[in-house]
Amino acid sequence: LTARLVHLQIISGAEYRRIARESLQSERLLPARRGAIYDRHGNLLAIDEPCFDLCLHYKFLTAEPKWVRARQAEIARRLRADAPGLSPAEAQRQAEEIYRQRMSATWRLAHELAERLGVDLQERIDRIRRRVPILRERYGDEDREVWEERQAHPVVSGLDEAMKVEAALRLGETVGAELQPSHRRRYPRGATACHTVGLMGAVTAESLAALNAEVAARLAEQFGDDAAGYDLAYARDSYRFDDSHGISGVERMCEATLRGRRGYRLVRRTLEGHEELASLPAEAGHDVHLTIDAALQDELTALLASGGQTGALVVLYVPTGEVLALVSVPTYDLNEYRRQFRELASDEVYLPLLARAVGRTYPPGSTVKPAAALAALATGRVAPGTTFDCHGYLHTPDAFRCWI
């Protein structure tokens, strides 16, 4: 007995104290607002709006036996505290039944919210279940779990204030569920410059390593041998697999500028509740201002689309090289992209997702014609209103081709 006490308290004491301390502490990363995107006149093209996410604990999603038993034990302790004469066996039986009821209530709430917001709940849950084991294999070890195994993950995102209040009133009947503040991307002008503004997408298992390698390299250069500073900065700046990031357009090109830094909160459970040990506020991302003129963009888009054709149109301000309009037709509403994705992606005739102005290479036209036109205007041979009546043909193979 003495030898065992020496081993527990002296030889392995530090390790067991660490395990006990970690079991009582929990980390919470606070979301950061993404920067806005404006046109040249200050019109909003993209903005983050505050919302809430319904999150389910990873071990609830996987029905991890140890986690389930711990929740049932908590319920049993409360039952015996309220009814001291209740036997342990009866308390355990009731706790198991209460857990089943709360589990059903959790799934019922998640399905109802997902249906109202058009979220594929099963797809999100399957994605979480697939990715966390990949992360554990890549970053974990036998003794310590990866961060994602100890956290609740968003399964229904974008709850407004009314839905948040409604869900909060039902949380007491659930288990493994919580509401977390978040942000959702909104595009006030819908389809305006949709190909230029670009899209947000979830971080995939394939892209996670590449994104975080860039973050790690930058922080290693910044912090050097300061391991504690590096670890905290990495927690705030690294990507998690349920994060979103820019995947096209300005959202992708300016990802480092638009993306903010998470806040950090470390709390410890105590008999009285929770004690905050450390915290850092989230830092919002920086705004981006484009040279695009939204009104001109809309006018030219409508003009080009009025003929029922596809095409691209670019307007440059020659003295500075600024792009005033970058039009690609057809367009789509950025706010409806996820709901309409299958329809948009399956259209192989009009290709609405193709940014025609920059997404393809085309054979150049007769680039000498503008120079010839300038020469003709400069010498007075033609005026700005001069017209030519051409009787040639373009698409008839055996007819005279137009040379004008």
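Of the contacts in the protein between residues at least 6 apart in sequence, 70% join residues at least 24 apart. The model is a predicted one. The protein contains 16 helices and twelve strands. Its radius of gyration is 30 Å, well over the 22 Å that the globule rule gives for 404 residues, so the protein is more spread out than a compact globule.

**Overall dimensions and surface**

- Taken along the principal axes, the C-alpha atoms of the protein fill a box of roughly 110 × 50 × 40 Å.
- The accessible surface of the protein is about 24700 Å², and carbon and sulfur atoms account for 54% of that surface.
- Of the 404 residues in the protein, 35% are buried.
- The side chains include 53 positive and 57 negative ones. The centres of these two sets are 3 Å apart.

**Strand β3 and its partners**

- Strand β3 covers residues 44-57. Ten of its 14 residues are buried, so β3 is largely enclosed by the rest of the structure.
- Strand β2, residues 37-38, runs antiparallel to β3 and is joined to β3 by two bridges. In this pair, Y38 stands opposite L44 of β3.
- The hairpin of β2 and β3 has five residues between the strands. In this hairpin, G42 takes a positive phi near 85°.
- Strand β4, residues 152-159, is also antiparallel to β3, and five bridges join the two.
- Strand β5, residues 177-186, pairs with β3 in the antiparallel sense over ten bridges. On this side, C55 has E178 of β5 as its bridge partner.

**Residue R186 in strand β5**

- R186 belongs to strand β5, which is one of the strands that pair with β3.
- The relative accessible area of R186 is 33%. Buried means under 20% and exposed means over 50%, so a residue between these limits is classed as partly exposed. R186 is therefore partly exposed.
- Leaving aside residues up to four places away in sequence, R186 touches L45, A46, I47, E49 and N335.
- R186 and D53 are 133 residues apart in sequence, and their C-alpha atoms are 16 Å apart in space.

- Strand β11 spans residues 311-317 and strand β12 spans residues 322-329. The two pair in the antiparallel sense over seven bridges.
- Within this pairing, V315 has A325 of β12 as its bridge partner. L316 stands opposite V323, which is also in β12.
- There are four residues between the strands of this hairpin, and G321 takes a positive phi near 80°.
- Strand β12 is mostly covered, with six of its eight residues buried.

Notes. Residues are numbered from 1 along each chain as its sequence is written. Side-chain values use heavy atoms; hydrogens and water are left out. The radius of gyration is taken over C-alpha atoms; the globule rule is 2.2 Å times the number of residues to the power 0.38. Buried means under 20% relative accessible area, exposed over 50%, partly exposed in between (1.4 Å probe, protein chains only). Contact means heavy atoms within 4.5 Å. Accessible areas come from the Shrake-Rupley method with a 1.4 Å probe; for residues, only the protein chains shown count as cover. Lys and Arg count as positive and Asp and Glu as negative; His and the chain ends are not counted. The place of a charge is taken as NZ of Lys, CZ of Arg, CG of Asp or CD of Glu. Two strands pair if DSSP finds at least two bridges between them.
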